[in-house]
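Hi everyone, thanks for making time.

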Amino acid sequence: MPPQWRLLVGTPVREIGYEIGRFLGQRLASRSPSIRRGLAQASVILVQNSETLAWLPQDARARARIASYIGIHDSAIRRRPDVDASAATRETIEAAYVGRVVPWKGLAWALRALAEPEGASIHLTVAGDGDYLGECKSL
């Protein structure tokens, strides 16, 4: 899945380079004979989210299962249609980032996305450290 290009405004050049490289790497990997062979031979394929599932070739999707490494199924993360949107704007959404603060982990992208909360109040707790922390604090 391509990165959200609109979030690139104000993104450091090295992070843009990383995302472009990642995007191209994913495209090349999807055409790799060894990856296609491995997917064809696998009885079960574990993916982290529905976007990765969509990346798989059609014949491999039936054998794929979403297994998020954070322990929450992908469907629980998506906004539920039965939730009253006006009630959501009255609450504070608690979010957490746990991990190394390095460009390729996407914390800066999350901060930019959370800056546009669509009427909700969001509190983000960051539990981590790294060379990129100062840059993320400035966002």
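This is a predicted model: local features need pLDDT of at least 70, side-chain atom pairs count only at pLDDT 80 or more; totals for chains, interfaces and linings use all residues.

Okay, here they are: Leu107, Ala108, Trp109 and Arg112. And what do the buried residues of H7 pack against? They pack against H1, strand S3 (92-98), strand S4 (121-127) and helix H8 (133-137). As a general point, an α-helix has 3.6 residues a turn, so residues three or four places apart point the same way.

Now let's step back to the whole chain. You've got eight helices and four strands in the protein chain. Reading from the N terminus, the order goes α-α-β-α-α-β-α-α-β-α-β-α. There are 139 residues in the protein chain, and 21% of them count as buried. Take the contacts between residues at least 6 apart in sequence: 60% of those join residues at least 24 apart.

One last stop, Ser32. You'll find Ser32 in the loop between helix H1 (13-30) and helix H2 (33-41). So, is Ser32 buried or exposed? Ser32 counts as buried, because its relative accessibility is 17% and the cut-off for buried is under 20%. The side chain of Ser32 also makes a polar contact with the side chain of Ser34, at 3.0 Å.

Methods: Residues are numbered from 1 along each chain as its sequence is written. Side-chain values use heavy atoms; hydrogens and water are left out. Helices (H or I, at least four residues) and strands (E, at least two) are DSSP runs, numbered from the N terminus. Buried means under 20% relative accessible area, exposed over 50%, partly exposed in between (1.4 Å probe, protein chains only). A polar contact is a pair of N or O atoms within 3.5 Å; within protein, one must be able to donate a hydrogen and the other to accept it, and residues adjacent in sequence count only if both atoms are side-chain atoms. Contact means heavy atoms within 4.5 Å.
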